Every structure is written in structure tokens, then in C-alpha cells.
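These are my notebook entries on a structure that I had not examined before. I set down what I looked up, entry by entry.

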Amino acid sequence: MSYYRLRLLGHPWNHKRVYRVYTSMKLNIRRRAKKRLPSRVKQQLFQPDAPNQVWSIDFMHDSLWDGRSYRMLNVIDDYNRQILAIEADTSLPVLRLLRVLERLKEVHGVPAMIRVDNGPEFISHKLDHWCKENKVQLMFIQPGKPTQNAYIERLNGSIRKELLNAYVFKTVNEVREKAEEWMTDYNTNRPHKSLNYQTPLQIKANFELHF
């Protein structure tokens, strides 16, 4: 293209000379193509009828008082809306996600399915390997369709309104401490309209009592 453009401008250089200059200027470096996502099948959002059928996972972003950014990793059991984990740090790569899942595995076991969006941590082959190793179905929502992950999107909204926007945090440790306190109250004391005004842990206790 450069050769033909130069010819149209009246320059007599042949294509070999143009290519030598082109490579000497390091213009021949391959551009990184945007990773194409495989097509995602629309998945209907359904209400599980037992714990550990579906976990939903998502990330959030915010900033500390001094402007430093941090991330939050949220994990919820869709059956009873129980928050299983809120992990906060300045960086949360896929290996950190796997450590959280291993920790939850020791306490709750593994879910039959994990529902996620198409973020870079979720499309990682490391997460895919972990799910296959633990016989967990990894289900992706369609890009740009957050309503297909509505349970955790609603949780994110509550966290944003009642925690992140309600307090000024100077350190990540402050975020962790307040998030742990908020999560305990959410799971133990807060009645949910969608759960017939019961708490997440009440729903789980009733399930274990009958099954």
C-alpha cells in the first residue's frame, strides 16, 4: 500500500527500495489483533432450586482517596443470593481468581455451573482448565447483555450504592474490612424481597433442613 501510494505521488522508487525503508523504520511489526470472542448462545436466566447449582462472578472497579484504583471480585450463589466472596486488591489477575475459587471449594464445594461475562480473566485458558478439572460448566453471557447475569449485577449495584459510594477509603485494607462487614450483614441480617423476605442464610438453612 505504501508503494502504490508513493507511486501515485510521483516517486519513482521500486517496491524493493520502499520495503527496505519500510522495514528499517520498523513499520512491518505485526499489529496485535483484537481477540475475537466466540459467538455466545443466549442463556436464559433461571432460578436454581439448590445451592451450588450456579455461581455468578464479576469484577468491579473503584478508586481510593488518593486516586489509586482497585478492583473487587464478587462471587454469589444464585440460589439463595449468598455472597460467597468479595476480594479486593489493586490487581486481581486470573491466578488470584483461581485461588479464590480453590478457597471456596474447600468451604462450599464446587458449583455445577459458573456464569461470567467475557472479561479477560474469564476467557483465560487457566480458568477453562480449572473448570474442566473440577467438572464445572463455564457459561458466558452474550457480550453487551449484562441482564443475562442479573443476580450479580444487582449485587454490584447494592455494593456500589451502600459500600463504595457511602465511604471514603484510603487503603485497600479499609475496603477489605468494610466489605467483609457488609457481606456478613447482607448474608445474615438482610431480608430479600426476591427470597420472600428471608435472608440468604435462612434460605440455605431451610434447604439443608429438608434435604
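**Entry 1: a term, and a salt bridge**

I count a salt bridge where a side-chain nitrogen of Lys or Arg lies within 4 Å of a carboxyl oxygen of Asp or Glu. I note at the outset that the model I am reading is predicted.

With that cut-off, I looked up Asp78 and found that it forms a salt bridge with Arg115, where the closest N and O atoms are 2.5 Å apart. I then placed the two partners: Asp78 sits in the loop between β2 and β3, while Arg115 belongs to strand β4, which covers residues 113–116. The pair therefore counts as a link between distant parts of the chain, 37 residues apart. Are Asp78 and Arg115 buried or exposed? I recorded both as buried.

**Entry 2: further salt bridges**

How many salt bridges does a search of the whole structure find? I noted eleven.

I took up the one in which the side chains of Asp62 and Arg160 meet, at 2.9 Å from N to O. Asp62 lies in strand β1 (residues 54–63) and Arg160 in helix α5, so this pair ties together parts that are 98 residues apart in sequence.

Next I looked at Arg103 and Glu87, whose salt bridge has its closest N and O atoms 3.2 Å apart. Because Arg103 lies in helix α3 (residues 94–108) and Glu87 in strand β3, the pair ties together parts that are 16 residues apart in sequence. Arg103 has a relative accessible area of 40% and is partly exposed. Glu87, at 14% relative accessibility, counts as buried. I also found that Glu87 and Arg103 belong to one network, joined by salt bridges that share partners, together with Asp89, Arg96 and Arg176.

**Entry 3: the sheet**

I traced the strands next. Five of them make an open sheet with mixed pairing, in the order β3-β2-β1-β4-β5. The edge strands, each of which pairs on one side only, are β3 (82–89) and β5 (137–140). On average, neighbouring strands of this sheet are turned by 20 degrees against each other, direction ignored.

In what sense do β2 and β3 pair? I found an antiparallel pairing over seven bridges, with β2 made of residues 69–77. Arg71 stands opposite Asp89 in β3, and Asp89 is one of the residues in the network of Entry 2.

**Entry 4: the largest pocket**

I turned to the open spaces. The largest pocket holds about 240 Å³ of space. I counted 13 residues in its lining, and those nearest its centre are Arg154, Ser158, Tyr186, His192 and Ser194. Which element gives the largest share of this lining? Helix α5 (residues 150–164) does, with five residues. By type, I sorted the lining of the largest pocket into six nonpolar, three polar and four charged residues.

**Entry 5: the second largest pocket**

The second largest pocket holds about 160 Å³. I listed Ser2, Leu6, Trp13, Arg17, Val18, Val21, Tyr22, Met25 and Leu27 as its lining.

Technical notes
Residues are numbered from 1 along each chain as its sequence is written. This is a predicted model: local features need pLDDT of at least 70, side-chain atom pairs count only at pLDDT 80 or more; totals for chains, interfaces and linings use all residues. Side-chain values use heavy atoms; hydrogens and water are left out. Two strands pair if DSSP finds at least two bridges between them. Helices (H or I, at least four residues) and strands (E, at least two) are DSSP runs, numbered from the N terminus. Axes are lines fitted to C-alpha atoms, for helices over the stretch in contact, and angles run from 0 to 180 degrees between N-to-C directions. On a 1 Å grid over the protein atoms alone, a cavity is a set of points where a 1.4 Å probe fits but cannot get out, and a pocket is an open set with protein on both sides within 12 Å along at least five of seven lines; lining residues have an atom within 4 Å of a point. Grid points are joined across faces, edges and corners, and a volume is the space filled by probe spheres set on the points. Ala, Val, Leu, Ile, Met, Phe, Trp, Tyr, Cys and Pro count as nonpolar, Asp, Glu, Lys and Arg as charged, and the others, Gly among them, as polar. Buried means under 20% relative accessible area, exposed over 50%, partly exposed in between (1.4 Å probe, protein chains only).
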